Amino acid sequence: MTLTIWVDDWQIQCCGEKFTSGDVVSWHLLKVDPEDYADLVGGDRAAEIDFCEEHHGQEGEHAPTRLQVLTITEVHCRYEVPSDSTWNVRHPVPGTTELVPAREADGRAAIRPHVSFTGYLVTAERTAGGQEGRASRDQ
């Protein structure tokens with residue numbers, strides 16, 4: 001069964017491990033509400049998201065899951081402060097998402113005009129064995 005997993009850019013930048021398509025990784029997965037990602041990736045793509053990868057707080061409650069990474073897609077979108085906001089907090093602007101296929105993920109992406117890199121959509125399959133990839137060897 002193929003899973004779609006959201007991976008925040010900052011999670012990898014902080015203390016995550018680079019991974020590539022084909023790697024076997026060991027991640028703590030948290031069930032998500034796909035609607036939380038609709039402004040980032042659009043409603044149709046958000047509906048596909050099953051989990052997010054987490055290693056900053058709640059992972060102790062969940063055993064790591066071994067996965068083989070199938071595809072990696074960079075997610076870029078525009079952020080701005082909503083006109084009706086009383087706080088100076090930027091939010092994703094719906095309809096501005098740019099999805100870019102990638103071979104590897106290291107928490108950084110090439111700069112694209114008018115949008116900011118925000119994370120990855122990763123498709124993966126659960127695995128019980130196999131050669132561990134870069135992202136799980138050092139954990």
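Is Phe117 buried or exposed? Select Phe117 and check: its relative accessible area is 16%, so Phe117 counts as buried, the cut-off being under 20%. Keep in mind that this is a predicted model.

Phe117 and Tyr120 form an aromatic pair.

Together with Phe117 and Tyr120, they make up one aromatic cluster.

How many aromatic pairs does a search of the whole structure find? The search gives four. Go to another of them: select Trp6 and Tyr37. Their ring centres lie 5.5 Å apart, with 45 degrees between the planes, so this pair is tilted. Colour by secondary structure next. Trp6 is in strand β1, residues 2–8. Tyr37 is in the loop between β4 (29–31) and α2 (38–41). The pair therefore ties together parts that are 31 residues apart in sequence. Show the surface for both residues. Trp6 is buried, at 1% relative accessible area. Tyr37 is also buried, at 11%.

Last stop: a charge and a ring. Select Lys31 and Phe51. What sits over the ring of Phe51? The charged end of Lys31 does, 5.2 Å from the ring centre.

How values were computed. Residues numbered from 1 in each chain as written. Predicted model: local features only at pLDDT ≥ 70, side-chain atom pairs only at ≥ 80, totals over all residues. Heavy atoms only, no water. Phe/Tyr/Trp six-rings, centres within 6.5 Å; stacked < 30°, edge-to-face > 60°. Helix = DSSP H or I, 4+ residues; strand = E, 2+ residues; numbered from the N terminus. Buried < 20%, exposed > 50% of the residue type's maximum accessible area, 1.4 Å probe, protein only. Lys NZ or Arg CZ within 6 Å of the ring centre and 35° of its normal.
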